[in-house]
Amino acid sequence: MIDARRLRTLRAVADHRTVTAAAAALYLTPSAVSQQLAALEQETGHHLLAREGRGVRLTAAGEILLGHADAVLAQLERAEADLAAYSAGVCGEVTVASFATGISLVLAPAIGTLAARAPGVRLKVLDAEGDASLPMVLDGRADLAVAVEYRGAPRADDARLTRVPLYAEPFEAVLPLAHPLAAGEGPIAVADLAGEPWIGPYPGNPCHDVVLLACEHAGFQPRLVHSSDDFRAVVALASAGAGVALVPRSALLGVDLARVAVRPVDSALATRRVFAAVRAGADGHPLIRPVLDALADAAPEADRR
């Protein structure tokens, strides 16, 4: 018999590529992870891992087992959901990881909705960058993520996750008031900003990927002179004439825009698509389902904003 706990360990090692990183994600010691992997190899009768530099990679047998592991773990999530549904009285805590504006737009309103609909469901909210929440769900550190697309993210058809689309929001150009394009109405062309100094998030931030993609589609690489993941700082730099920026519309809510011009842009690629994600099979859990429904109800209002 193959121990499902060891399948979770195999998945963590496949995700993190080192025993040490997998151990940290699973809150185990590296020696405990190594022992579980050795036991799994003994159970299957195959070598599952091979060293590669300072890390490890899955062997062909390991890749085969990993595909089955994802299906087994998803089915176990469904079993837990069904058993929880069988137990009368929904009461418990759901840990949700989300980036800051996702908390403001959909997660905070969802808390109010849950208080009326499912008062026994408590949310524990973790502020996480857009590229951090999905790994937290996969590692079991969070039950649900409010996340965005980014380069290197698990694919939309990843069998480990179930996604629920929430909302999409455009990025808008933030320009110094003295900029030639600051005046006027209607969208401006991203290509018209090609020669400007740019202000933007650091690489690894999903918004950085959106900016690069929109600029690349317009035929240029932005000259990123200033970097900040804090959009208030980005707006402040633009107001000082330090450069131009593309900023998600929701990130401008509550920011002092008196000394900048905000203009829509002509690129459909300058859009942030936001979704909720849970481990595959967990979307029917009686604690998680009300949270997904409350987030979905909050999403149309986020679109209107």
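**Figure 1. Arg17 in the loop between H1 and H2.** Arg17 is partly exposed, with a relative accessible area of 42%; here buried means under 20% relative accessible area, exposed over 50% and partly exposed in between, with a 1.4 Å probe and protein chains only. The residue is placed in the loop that joins H1 and H2. Helices (H or I, at least four residues) and strands (E, at least two) are DSSP runs, numbered from the N terminus. Although Arg17 is not a glycine, its phi is positive, at about 70 degrees. Most residues other than glycine have a negative phi. The model is predicted, so local features need pLDDT of at least 70 and side-chain atom pairs count only at pLDDT 80 or more, while totals for chains, interfaces and linings use all residues. Residues are numbered from 1 along each chain as its sequence is written, and side-chain values use heavy atoms, with hydrogens and water left out.

**Figure 2. Tyr27 in the loop between H2 and H3.** Tyr27 is found in the loop between H2 and H3. With a relative accessible area of 66%, Tyr27 is exposed. Its phi is positive, about 60 degrees, although Tyr27 is not a glycine.

**Figure 3. The crossing of H2 and H3.** Helix H2 covers residues 19-26 and helix H3 residues 30-44; their axes come within 8 Å and cross at roughly 105 degrees. H2 is therefore roughly perpendicular to H3. Axes are lines fitted to C-alpha atoms, for helices over the stretch in contact, and angles run from 0 to 180 degrees between N-to-C directions. Angles of 65 to 115 degrees count as roughly perpendicular, those under 35 as roughly parallel, those over 145 as roughly antiparallel and the rest as oblique. From H2, the residues Val19, Thr20 and Ala23 meet Pro30, Val33, Ser34 and Leu37 of H3, where contact means heavy atoms within 4.5 Å. The residues of this contact divide into five nonpolar, two polar and no charged. Ala, Val, Leu, Ile, Met, Phe, Trp, Tyr, Cys and Pro count as nonpolar, Asp, Glu, Lys and Arg as charged, and the others, Gly among them, as polar.

**Figure 4. Ala14 in helix H1.** Ala14 lies in helix H1, which spans residues 4-16. Ala14 counts as buried because its relative accessibility is 9%. Leaving aside residues up to four places away in sequence, Ala14 touches Leu58 and Leu66. Between Ala14 and Leu66 there are 52 residues of sequence separation, and their C-alpha atoms are 8.3 Å apart in space.

**Figure 5. The largest pocket.** The largest pocket has a volume of about 490 Å³. On a 1 Å grid over the protein atoms alone, a pocket is an open set of points with protein on both sides within 12 Å along at least five of seven lines, whereas a cavity is a set of points where a 1.4 Å probe fits but cannot get out; lining residues have an atom within 4 Å of a point. Grid points are joined across faces, edges and corners, and a volume is the space filled by probe spheres set on the points. Ala100, Thr101, Asp229, Phe231 and Ala251 are the closest to the centre of the 22 residues that line the largest pocket. At least two lining residues come from each of helix H5 (100-117), helix H7 (206-217) and helix H8 (231-239). H5 gives the largest share, four residues. By class, the lining of the largest pocket holds 11 nonpolar, five polar and six charged residues.

**Figure 6. The second largest pocket.** About 370 Å³ of space lies in the second largest pocket. Its lining has 20 residues, and Arg8, Leu73, Leu138, Gly140 and Arg279 lie nearest its centre. H1, H2 and helix H4 (60-86) each supply at least two residues of this lining, and the largest share, five residues, belongs to H4. The lining of the second largest pocket divides into nine nonpolar, one polar and 10 charged residues.

Figure 7. Gly284 lies in the loop between strand E11 (271-279) and helix H9 (288-304). Gly284 is partly exposed, with a relative accessible area of 45%. Although Gly284 and Val274 are 10 residues apart in sequence, 21 Å of space separates their C-alpha atoms. Ala168 lies in strand E6, residues 161-176, and is partly exposed at a relative accessible area of 32%.
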